[in-house]
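Trainee: Hi, I'm new to this one. Could you walk me through it?
Mentor: Happy to! Let's bring it up and start with a single residue.

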Amino acid sequence: MNPSKCMNLSNGLAHRSLCTPHHRILAVWALLLGLTAGFLPPVMAAEHLMAIQEVFPGTLVEPAAQYVMLRMTSSGQTFVNGTYVELQDATGAVLGRFGTFDHNVLSGGVFGCAYPGCPAILIGTTAAQSLLGFPFDQTVDSQAGRRSLPLMGGRACFRSTFSVFDCVAWGSFGGTNTIANPGNLCDTNFGAPAAPLSPGFALTRKQFSCASKENSLDFENRFPHPVANSGMNANSDGDQDGLIDVLDCADGDTAALYFPAPISGLAVTGPPTLVSWEPQDRTSGSSTLYDVVRGGLLDLRGSRSYELADCMQNDQLANSTADPGPDPPEGDGVYYLARAANNCGPGSYGNSSLIPDPRDFLDDPIKTPCP
Ligand SMILES: [Ca+2]
Ligand SMILES: [Ca+2]
Ligand SMILES: [Ca+2]
């Protein structure tokens, strides 16, 4: 027995134990542990070396299809059970949780891996899982107190009960974008907020530096590219227009992206009368065009249908149009409805709560005033 080995132990009890005749068995265990340690990452049972990589608020058509993708920045960050994504509103007040992990993940990656070469972890809604078409690592729908991502301004932080590991703020967030109790040795000041969340896009990390984090420089809105911990994904993009096949309405046409959504933000200003709406070319592609129909309110009230509507603009490129027509007579008014179309076909003028829906006439490919 080597007395010097005994002296290295600080605990007297352990000292006696190691210096008993069992020391040879203990020495074999130590040898095994030493060998094993050579094949495993230096940090075991960890979750703190993680960065938020994508924040996806859903699409114009499916706003409930939301996910957050985390990315390990070192190997072995698999012990996520109990960790969660916390959400704050634009003032920095805690809204609740986007979701909580109720289990660990399997893949810790290759020893020595670094961002973005280590495994991802995907947490989101079943609507997002269905939209993307492959299993997420954690679905969150039924979790108590869950909140959706605040679109215009907010902050998401990946954290455990006592430590915060990474945050991204966006849009109009005006709260404090720092953390007090970092769970790693990375930058604790995340700087200015990134761009607002935008339906159809994932707020995507384009660079990672543990020592220097700046949300406004590190993130931008790109089309989503989610990956699960196993590496499973649906990220093939046949026409290379940036929108993956499962979301692309035409996989062989770079001028068409998402199928057109119902128009939002329809407004009338004037005089002179100008009708405008939210453009969809960023989400539906360069082939996006708009139809605008116009009719009289007294006609609409009398007939309870849109069959007297006129086509005011057909297949127009701009997201606004002037109405040079005369003002309606006193006691009457003018209504406008618009839809988007792209190379995949026309979208809808929208739906009312009535059955049958009077707008079905406008959406009918044969009867519609602006074919
Ligand atoms: Ca595509
Ligand atoms: Ca396409
Ligand atoms: Ca048309």
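**A first walk through the model**

Mentor: D239 lies in the loop between β10 (219-222) and β11 (267-269). Helices (H or I, at least four residues) and strands (E, at least two) are DSSP runs, numbered from the N terminus. Residues are numbered from 1 along each chain as its sequence is written, and chains are lettered from A and ligands numbered from 1 in the order in which they are written. This is a predicted model, where local features need pLDDT of at least 70 and side-chain atom pairs count only at pLDDT 80 or more, while totals for chains, interfaces and linings use all residues.

Trainee: Is D239 buried, exposed or partly exposed?
Mentor: D239 is partly exposed, because 16 other C-beta atoms lie within 10 Å. A residue is buried if 20 or more other C-beta atoms lie within 10 Å of its own, exposed if 12 or fewer, and partly exposed in between, with C-beta atoms placed from the backbone.

Trainee: Which residues is D239 in contact with, leaving aside neighbours within four places?
Mentor: Those are D251, G252, D253 and T254. Contact means that the C-beta atoms of two residues, placed from the backbone, lie within 7 Å. D253 is 14 residues along the chain from D239, and their C-alpha atoms are separated by 6.3 Å.

Trainee: New topic: how many helices and strands are there in the protein chain?
Mentor: The chain has eight helices and 17 strands. Of its 371 residues, 37% count as buried.

Trainee: And where is confidence lowest and highest?
Mentor: Helix α2 (residues 12-18) is lowest, at a mean of 31, and strand β1 (residues 50-56) is highest, at 99. The score is pLDDT, the predictor's confidence in each residue, from 0 to 100. Over residues 1-43 the pLDDT is below 50, and this stretch has 17 contacts in the model beyond near neighbours in sequence. For the protein chain, the mean pLDDT is 90, with 88% of residues reaching 70 or more.

Trainee: What about β2, is it mostly covered or exposed?
Mentor: Mostly covered: six of the six residues in β2 (residues 67-72) are buried. Y67, M69 and R71 point one way, V68, L70 and M72 the other. In a regular strand the side chains alternate between the two faces of the sheet.

Trainee: Which strands pair with β2?
Mentor: β1 and β2 pair in the antiparallel sense over six bridges, and I52 stands opposite L70. β2 also pairs antiparallel with β5 (residues 120-124), over five bridges, where L70 stands opposite I121. Two strands pair if DSSP finds at least two bridges between them.

Trainee: Which residues touch the most other members of the largest nonpolar core?
Mentor: Of its 58 residues, those are V55, V68, L122, I123, A156 and V168. A nonpolar core is a set of buried Ala, Val, Leu, Ile, Met, Phe, Trp, Tyr and Cys residues joined through C-beta atoms within 7 Å. A second, separate core of 19 residues includes A309, L337, A340 and L362.

Trainee: Last one: in what order do the strands of the open sheet with β11 come?
Mentor: The order is β11-β12-β15, with antiparallel pairing. β11 and β15 (320-322) are the edge strands, each pairing on one side only. Three bridges join β12 (residues 274-276) to β15, and L274 stands opposite A322 there.
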